[in-house]
Amino acid sequence: MAGVVLQKAPARDRPADPLPSSSRRWSRYSGRTFYLFVSPWVVGFLLLTAVPLGYAFAMSLTNFDGSSSLWRWVGFDNYVELLQDSDAWASLARTVAYTAIVVPLSVAFSLGLAVLLNRRLRAVGLFRTIFFLPSVVPVVATAIMWKLVFNRDSGLVNAILERFGVGAVTWLVDPAAFYALIILTLWGLGTGMIIMLAALQGVPVELEEAAVVDGASRWRVFRHVTVPMISPVIFFQVVTGVITSFQVLVQPMLLAETNSIGAMKDVPTSTHLYMVQVYQEYFANQRFGYGSAMLWVFFVIILVITLLVQRSSRLWVYYEVDRESD
Amino acid sequence: MKATDRAAAGRSYVLLMLLAVLFAGPFLWLVLAALKTLVEWVAVPIHFLPEAPQWNNFTDAVTQINFLAYTGNSLFLSGMYAVLVTLSSALVGFGFARLKGRGKRPLFVVLLATMMLPSILTLIPTYVLFSRVGLVGTYWPWVLWGLAASPYLVFLFRQFFAAIPRDLEDAAIIDGCGYGRIFWRIFLPLSRPVVLTSLLLSFTWMWGDYLAPALLLDIDHTTLSVAITQSYRNPHGDYIPTVQAAAAALYVVPVMVIFLFAQRYFVRSVATSGLKG
């Protein structure tokens with residue numbers, strides 16, 4: 001804010017103040033009002049995001065068990081233990097695998113659906129509604145639905161597979177539970193599809209038409225005109241997709257017919273993702289300190305991913321114009 | 001040319017129909033399960049359609065648990081949160097869009113960054129903190145979350161307010177209006193579509209939330225989302241799938257109705273936030 005001072009200093013030497021005093025008072029009033037207006041979020045952010053994060057870090061340096069007062073500081077012991085914790089590493093590896101499958105598929109499928117819906121066809125709105133709807137269905141209902149669909153003896157999927165002569169698959173236990181979770185996730189790609197559709201509709205028609213006039217095939221127009229034009233949106237979808245899939249917890253929990261919060265033992269190994277492991281450390285093993293250390297590692301991973309992707313984006317994302325500042 | 005166009009359209013329709021069946025399948029199976037008897041549900045080979053629709057699954061769903069009370073809890077929490085968070089987010093959005101102040105830009109960067117921050121990261125530590133100060137088992141956490149504004153909704157409001165021409169507020173300032181009145185009398189009424197979007201979105205978020213009520217509320221004061229996952233069992237402790245399906249179907253009805261009548265608001269909010277990445 002040095003700029004403000006530099007600008008104001010010479011003004012004092014001049015005979016006539018360029019700013020009438022009432023206007024200056026107004027700008028001071030406006031500045032104070034800004035803080036007043038944004039204070040709900042600033043205070044909320046400090047109390048409900050920054051403080052809990054800091055508290056989690058403090059907990060991660062203790063052996064707190066969630067209730068007893070007999071805890072003590074253990075330094076970075078939890079983090080050291082985490083490095084050698086094969087269960088935690090395995091859950092992280094599963095989460096990476098899940099992300100590596102889900103993100104490209106959902107980005108590709110939502111783009112594909114958006115392309116289909118972007119054609120001038122009749123009743124396209126109806127199809128858009130059908131594809132969009134699952135993404136607003138509450139997770140509890142989603143899980144109940146898919147448990148019915150994936151039921152071994154009475155489920156829709158096995159009923160259809162049977163028609164093709166495939167024997168009954170036990171979907172909700174290992175190893176199939178992993179794929180069931182992926183299918184459930186992909187079912188909710190409607191939000192991404194709507195974003196892609198909006199992006200496609202933002203591509204100037206003249207650009208694509210010009211390419212067609214030049215004799216480019218439909219695929220080439222799509223590949224070399226449309227995709228580059230919407231690459232910032234695709235990029236954004238990848239980043240948010242990665243972050244979303246890293247935090248998956250409720251879906252495996254509910255698919256596994258977990259009876260109560262804390263009873264994580266019913267979650268099949270193949271869907272025992274990182275957050276499930278964190279949850280288990282907190283509430284099943286009563287290791288609040290260790291769970292907090294795992295949360296912080298997760299936080300750092302999310303930060304690093306976001307930064308890395310942001311840095312590398314310049315290499316492969318095409319921005320039509322400089323993004324507007326402020 | 002015409003003929004190939006029509007063939008292409010035909011192929012698109014076949015593909016769209018197939019996909020529609022895939023996306024609608026789970027809904028259909030839920031409703032069918034809710035209308036079957038238990039015997040029909042477990043029958044081998046699978047019965048696709050119930051012999052006669054079993055409406056009593058729905059009556060069982062609302063009588064086996066205190067369905068009405070849980071619905072009331074969900075409505076109260078979601079409604080209260082929606083009103084509070086819409087107001088607070090509109091205020092903050094107005095601040096970022098129309099007012100100047102030191103550190104505005106870094107603050108906005110922090111706001112955008114927190115949009116990316118998974119809420120689950122803070123939920124468990126928040127739960128521990130709240131249990132220390134006696135807020136677990138009360139509805140106060142939702143009041144606080146409501147008052148704290150949602151970065152996503154702030155962004156939505158900010159985009160809308162930033163596009164409104166300056167003349168409007170200049171005229172009001174000349175007339176002696178302070179920013180409080182400008183916000184309340186001019187900008188908030190103008191942003192009615194965004195207010196509606198925000199109310200609908202935040203209501204459906206909270207209606208659908210599972211983890212926070214599961215962690216923070218006991219079974220008597222919890223929401224419908226938690227209640228239907230933990231109830232509907234036979235004396236052996238196994239789920240009664242047909243009744244649970246009926247309960248889940250009832251539970252999604254409000255969301256479906258909101259969505260079907262206000263789809264364009266959902267579409268617009270998603271498109272605004274997604275395209276500005």
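My entries follow, from the whole chain down to single residues.

**Ground rules.** I am working with a predicted model, where local features need pLDDT of at least 70, side-chain atom pairs count only at pLDDT 80 or more, and totals for chains, interfaces and linings use all residues. Residues are numbered from 1 along each chain as its sequence is written, while chains are lettered from A and ligands numbered from 1 in the order in which they are written.

**Chain A overall.** I found 14 helices and 0 strands in chain A (DSSP runs numbered from the N terminus, H or I of at least four residues for helices, E of at least two for strands). Of the 326 residues in chain A, 37% are buried. I used C-beta atoms placed from the backbone: 20 or more others within 10 Å means buried, 12 or fewer exposed, and in between partly exposed. I also checked contacts in chain A with a separation of 6 or more, and 67% of them join residues 24 or more positions apart (contact means C-beta atoms, placed from the backbone, within 7 Å).

**Chain A against chain B.** I asked how many residues each chain brings to the contact. Chain A brings 69 and chain B brings 78. On the chain A side, helix α2 (residues 21–60) gives the most, with 17 residues. I sorted that side of chain A into 53 nonpolar, 13 polar and 3 charged residues (Ala, Val, Leu, Ile, Met, Phe, Trp, Tyr, Cys and Pro are nonpolar, Asp, Glu, Lys and Arg charged, the others, Gly among them, polar).

**A helix pair in chain B.** Next I took α5 (residues 104–116) and α8 (residues 151–162) of chain B, which pack at about 130° with axes 8 Å apart. The axes are lines fitted to C-alpha atoms over the stretch in contact, and angles run from 0 to 180 degrees between N-to-C directions. I therefore noted α5(B) and α8(B) as oblique to each other. B:Leu111, B:Thr114 and B:Met115 of α5(B) meet B:Pro151, B:Tyr152, B:Val154 and B:Phe155 of α8(B). That contact of α5(B) with α8(B) divides into 6 nonpolar, 1 polar and no charged residues. On "oblique": under 35 degrees is roughly parallel, over 145 roughly antiparallel, 65 to 115 roughly perpendicular, and the rest oblique.

I found a cis peptide bond joining A:Asp174 and A:Pro175, with omega about -10°. A:Pro175 is in the loop between α7 (156–163) and α8 (176–187) of chain A. A:Ala123 is not glycine, yet its phi is positive, near 60°. A:Ala123 counts as exposed because it has 9 C-beta neighbours inside 10 Å.

Methods
Contact = placed C-beta atoms within 7 Å.
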